[in-house]
Amino acid sequence: MNVPGIRGWCPTAHRPMMSGDGLLVRLRPGSGRMTAATARTVADLAHRFGNGLIDLTSRAGLQIRGVKDDAHSDLLRALVAAELVDADPDMEARRNIVVAPFWIAGDLTDRLAHALAQRLAELPHLPAKSGIAIDTGAAPVLQDVSSDFRFERDGEGGLLLRADGTERGWRIDEADAFDALNEMAAWFVKTGGGESRRMKRHVSKVSLPGNWQLAVPSEGGDLWLPGRTKEGVVVGVPFGAMSVDALAGLLAEADPGCVQVMPRRCLYLETARPVAHPAFIHDPSAFLLDVSACPGAPRCARATVPTRPIARQLAERGLGTLHVSGCAKGCARSGSADVTLVGRDGMFDLVRCGSVGDTPDRTGVPEAGLLELLR
């Protein structure tokens with residue numbers, strides 16, 4: 001389905017996207033991890049060149065919001081100097097890799113991430129939103145994170161490469177991991193994957209080679225929830241949005257060694273002190289963890305409704321997973337939710353147990369009507 005208004009690309013640092021509050025400049029920390037000093041640099045740059053707001057994306061990236069056109073080139077130079085962004089625009093666009101959190105130096109996840117990063121230039125050109133997941137912990141945890149090529153483990157701990165949208169994968173050796181990825185990517189391009197844009201859609205129409213569907217992935221696990229871990233602290237970021245002051249305050253309070261940007265809009269603070277900063281989620285049962293909401297109007301030029309105020313009100317009702325989208329793009333959540341609200345012409349369409357692209361159960365509902373309808 002082609003949803004009106006959805007673009008075939010995502011912003012990067014070199015190619016930012018205009019929103020209602022200025023340019024969105026996206027960066028992807030290597031392996032999703034930054035030193036505390038680098039995280040402070042991000043906060044400083046967002047203060048100097050943006051409007052002081054930072055987003056966490058659904059793929060564990062960061063976005064500096066509200067950058068003015070005449071400030072973008074200076075910001076880009078600073079990001080390259082801090083080694084947060086590749087100086088080559090093509091290479092930066094290719095670094096669409098999401099890494100499962102809680103990896104440690106030298107483990108399989110770390111080794112694969114480094115090996116792939118060194119050879120990304122060898123991959124064929126893929127659609128702009130194509131992504132790679134390195135999900136090789138004891139159990140995969142990135143099933144709900146949008147990715148087209150997935151490195152996972154089988155039930156015996158072996159390595160496999162799985163095309164998104166399939167139940168089984170291709171058993172491979174670590175030494176051959178990149179070559180296998182390159183072969184699968186070449187197959188995707190050769191068989192017309194560019195028209196489908198995403199692997200999941202493509203494999204619903206084109207059959208994969210048989211030997212790529214023999215390995216059964218291990219059963220999925222759950223991402224860590226906010227709270228203490230053995231080695232640090234996980235905090236949730238409401239709606240994936242934080243101010244530079246909040247981030248700076250969190251770093252000062254926790255004094256972490258490093259920060260990992262996690263899917264599900266959380267931060268893992270390694271070797272950190274206990275924290276209780278009010279701008280973040282510390283309770284693993286907090287309703288806001290199950291709520292996705294884009295910035296909405298007026299921060300997004302495409303949105304026709306405010307989103308986060310109604311999302312906060314509805315979160316307290318315990319409706320299950322909730323997605324409030326200001327328009328039909330559905331940027332905050334790609335998958336389904338128990339309740340999905342989509343802004344349209346100043347009203348909301350309601351989808352139960354579905355996503356923004358599904359047929360609504362109700363259309364044209366005003367905000368007050370939602371509060372009455374979703375009791």
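Visitor: What is the order of the five strands in the open sheet?
Guide: This is a predicted model: local features need pLDDT of at least 70, side-chain atom pairs count only at pLDDT 80 or more, and totals for chains, interfaces and linings use all residues. Residues are numbered from 1 along each chain as its sequence is written, and side-chain values use heavy atoms, without hydrogens or water. Strands (E, at least two residues) and helices (H or I, at least four) are DSSP runs numbered from the N terminus, and two strands pair if DSSP finds at least two bridges between them. Pairing in this sheet is mixed, and the order is E6-E7-E8-E9-E10.

Visitor: Which strands are the edge strands?
Guide: An edge strand here pairs on one side only. That picks out E6 (97-99) and E10 (170-172).

Visitor: By how many degrees are neighbouring strands of this sheet turned against each other on average?
Guide: Axes are lines fitted to C-alpha atoms, for helices over the stretch in contact, and angles run from 0 to 180 degrees between N-to-C directions. With direction ignored, the average turn is 25 degrees.

Visitor: Which residue is the bridge partner of Ile-132 in E8?
Guide: E7 (residues 132-134) and E8 (residues 149-153) run parallel, joined by three bridges. Within E8, the partner of Ile-132 is Phe-149.

Visitor: Which strands does H4 lie across?
Guide: H4 runs at about 150 degrees to E7. The strands it lies across are E6, E7, E8 and E9 (159-163).

Visitor: Are H4 and H5 parallel or oblique to each other?
Guide: The axes of H4 (residues 108-119) and H5 (residues 177-190) come within 10 Å and cross at roughly 55 degrees. Angles under 35 degrees count as roughly parallel, over 145 as roughly antiparallel, 65 to 115 as roughly perpendicular, and the rest as oblique. H4 and H5 are therefore oblique.

Visitor: Which residues of H4 and H5 make the contact?
Guide: Contact means heavy atoms within 4.5 Å. From H5 come Ala-177, Phe-178, Asp-179 and Leu-181. From H4 come Leu-112, Leu-116 and Arg-119.

Visitor: Which residue in the turn between E18 and E19 has a positive phi?
Guide: E18 (residues 337-344) and E19 (residues 347-354) pair antiparallel over seven bridges, with Thr-340 opposite Val-351. They form a hairpin with two residues between them. The phi in question is about 55 degrees, at Asp-345.

Visitor: Which residue in E20 is the bridge partner of Phe-348?
Guide: E19 and E20 (residues 362-365) run antiparallel, with two bridges. The partner of Phe-348 is Val-365.
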